[in-house]
Amino acid sequence: MSAAAAVAVSPAAIQGTLIDKPMIKAHMAFGFLFFIVALLAGLLYGLQLTNIYPFPGIELLSPGRIRMLHTNAVAFGFLINVFIAMLHWVVPRLTGHPMLHPMLSRLILVAWQLVVAATAVGILAGYAQAIEWGETPLLVDHFAVLGVALLVINVGSSIWKTGGKKLYVTLWYFTAMLIWTPLVYIMGNYLPQYFVPGAGGAAITGVYIHDLVGLSVTPLGWGMMYYFVPVLLEKPIWSHTLSILGFWGLAFFYPLNGVHHFFYSPIPMYAQYGAVVSTIAVELVVFTVIINFFMTLRGRGDRLRTSMATRWFFVGMVNYFITCLQCAFHTTLTFQKVIHFTDWVVGHAHLVMLGVFGFWLVGGIVYMWPKVTGREWWSQKLLGWTFWTSVIGLVIMFIDLTACGLVQGYMWIGLAQWEKTLAASMPFWHARTFAGSLITLGMCLQAYNMWMTARSPAPASKPADAPSGATAPV
Amino acid sequence: MERAKTIALLAGLGCFLLAAVLTIYLPVAHLAKIEYKSLDQIAPEPSFDFIDLSKRYPAQFQKYYGEPTKEAFHEALKLGRDQYIAEACWHCHSQFVRPVSNEDRRFGKVSWADEYRNEMFLPHLFGTRRVGPDLIRESGKHGNDWHVAHFYDPRLVTPQSVMPRYTWFFDGEEPNKVGIAMITYMQWLGSWTTPEVMAREAKAAAAAGGKKDG
């Protein structure tokens, strides 16, 4: 721990006011609620794409609107909420300082749920904004920016108070994320809407879609992994040097990638070539991070069997490796000719958002939920069911959509009649709906499990923060 | 290097600003050399299809738009664009033709930057997915009557279509305000690449003393 002289926090302090458990619990509960909403929306959209309309003729449930509900509920409802819960768990432990103020935490909790709910209602009612992954109605955008600003103050103050102390790599990621997130959000939601039309605007929204993943979700995810993996495996991270290399690699190369969402568009070609090169560079950076985690796992492989949270984390990492390897290929202009505009990209998006970050957060919930509720999991067996249905569902969906994308891409190049390409896609789309229902089923079981755990009678003994001693702070 | 302030400044601000200059400022400044056009400049008179709609559905047209004037045309174009956004049409239909994969043969002229530097592409609607075909060359590919049937129930004209029905674009069986707007917008997309419009623009450019090629 040479480069990362983490602040030692006594278990007693954690029992006290340092960790705001009710906030963790609330953010997780809301996050999972919106996750279920997102999954149901995805399922409905999948059905509608195969011309099956369970509720026909309802304007508010029109497929286009449901699709936006799906992606936005995932991003802002599920991911952000559970990540905030994770920040409440991790940041005070690493800095030794609580969040700025408990009341501010509560204000953020309420404000963010209102933002998400208003986004959902606004999208369904037809007030969406034409920014991909930023369809949040413009009116709500202003409040979302305010909410993010409050979060930056609340979490940032805790990191700021470490002053001149050296920080553990997790906090490197979080510090940079706190700067990046508001910049990305403001840039992406306002510039193309009011100031930059056409191809220039496309360059900005490309950067926005990409940076929301790369500069908000990714640093949150990796920061989270750098904290939880050593704690769960009860050993230090394999290489601190590599972890720092990975951080700077992400900070430098990731923001340069955005234009790769619009290859062969009228955006100047030098920007497109730059995006190809920097995207491939990100792939090399990702290798260093993946190697670091799998070397850390060495000698503790049995934990994949015994610890459900560890299992979610490392399955997510395998998916991350596949996602990024895939990315290095399909960011080339050669691949773009075939796969752009097809379901290949949709498969890629599901693999990274659900298969990586979604799985990590579910793993985080599996680990933290018993500790914040003070109860053991209601059913260990159900945890296993959730894991297998979700993983199998995701694998089917990924392979299915990737294959579907290739079929579509080559049929388009071959100038097949458009209707023929739809007919060819149809079996894949049915399989996708099946895969989606498996995932939805798994996560509904998880929601039920969380509910029953929270509702079960409290154990007779005083609920300990670290029942198995596994939560010893870093 | 390991301290919060350094990380916030160097990684947080520094790396972001560097990327903003390279991937946003440069292309945006480059594209800004193209003249930005207002709706008045790109749509100086009501389109043929807009006038045609006023004759096909006189009662409905009279009720929602009055006469097919330039102002009414602009209102319909903007409303059509807004509804296109509200229904997330752009999540299943792109609005640019790539210079690869035989796209010019399927859809028409390859997209170029100038055609997007105007009020109607603020925000742009390039899209990233094609469940249905690209729409930037849609103008004139189908008649107004086809669009009416297609919005009412796409499977009436394309049995294998997976596009949803948009019955709320209609009062009964005739298009309402939004329906007329959507069809006007569809018929406008790419109308500037029709030979008549391109000839008119070339003439205007020549008259202004500027040189301009297609």
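Two residues are taken to be in contact when their C-beta atoms, placed from the backbone, lie within 7 Å. The legends below describe close-up views of a predicted model.

**Figure 1. Overall build of chain B.** Among the contacts of chain B that join residues at least 6 apart in sequence, 73% link residues at least 24 apart. The chain contains 9 helices and 2 strands, arranged along the sequence as α-α-α-α-α-α-α-β-β-α-α. The C-alpha trace of chain B spans about 70 × 45 × 35 Å along its principal axes. Of the 214 residues in chain B, 43% are buried. Two domains are assigned in chain B, domain 1 covering residues 1–33 and domain 2 covering residues 37–207. The centres of these two domains of chain B, taken over C-alpha atoms, are 38 Å apart.

**Figure 2. The contact between chain A and chain B.** Chain A contributes 66 residues to this contact and chain B contributes 59 residues. On the side of chain B that touches chain A, the helices α1 (4–31), α5 (70–86) and α6 (103–106) of chain B each provide at least two residues. Helix α1(B) gives the largest share of that side, with 17 residues. Sorted by class, the side of chain B that touches chain A comprises 36 nonpolar, 14 polar and 9 charged residues.

Figure 3. The bond that runs from B:Leu122 to B:Pro123 is cis, and its omega is near 0°. In chain B, B:Pro123 belongs to the loop between α6 and α7 (144–152).

**Figure 4. Two loop residues of chain A with positive phi.** A:Trp133 is not a glycine, yet its phi is positive, near 65°. In chain A, A:Trp133 sits in the loop between α4 (102–125) and α5 (138–160).

Figure 5. A:Leu79 is part of helix α3, which covers residues 63–95 of chain A. A:Leu79 is classed as buried because 26 C-beta neighbours lie inside 10 Å. Leaving out residues up to four places away in sequence, A:Leu79 touches A:Val74, A:Val217, A:Phe357 and A:Leu361. The C-alpha atoms of A:Leu79 and A:Val362 are 10 Å apart in space, although the two residues are 283 residues apart in sequence.

Figure 6. Helix α8 of chain A includes A:Gly249. A:Gly249 has 18 other C-beta atoms within 10 Å and is therefore partly exposed. Apart from neighbours within four places in sequence, A:Gly249 makes contact with A:Val285 and A:Thr288. Between the C-alpha atoms of A:Gly249 and A:Leu284 the separation is 8.7 Å, and these residues are 35 residues apart along the chain.

**Figure 7. The bend in helix α15 of chain A.** Helix α15 of chain A has 38 residues and runs from residue 418 to residue 455. From its first C-alpha to its last, helix α15 of chain A reaches 53 Å, close to the 56 Å expected at 1.5 Å a residue. At A:Met426, α15(A) bends by about 35°. A proline, A:Pro427, follows within four residues of that bend.

**Figure 8. Confidence along chain A.** The average pLDDT of chain A is 92, and 94% of its residues score at least 70. Over residues 1–6 of chain A the pLDDT stays under 50, and the model has 16 contacts for this stretch beyond four places in sequence. The pLDDT is also below 50 over residues 463–474 of chain A, a stretch with 23 contacts in the model beyond near neighbours in sequence. Where pLDDT is low, predicted coordinates should not be read in detail.

Note on methods. Residues are numbered from 1 along each chain as its sequence is written. Chains are lettered from A and ligands numbered from 1 in the order in which they are written. This is a predicted model: local features need pLDDT of at least 70, side-chain atom pairs count only at pLDDT 80 or more; totals for chains, interfaces and linings use all residues. A residue is buried if 20 or more other C-beta atoms lie within 10 Å of its own, exposed if 12 or fewer, and partly exposed in between; C-beta atoms are placed from the backbone. The expected span of a helix is 1.5 Å times one less than its number of residues. The bend at a residue is the angle between axes fitted to the seven residues ending there and the seven starting there. Domain bounds come from an automatic or database domain assignment. Ala, Val, Leu, Ile, Met, Phe, Trp, Tyr, Cys and Pro count as nonpolar, Asp, Glu, Lys and Arg as charged, and the others, Gly among them, as polar. pLDDT is the predictor's confidence in each residue, from 0 to 100.
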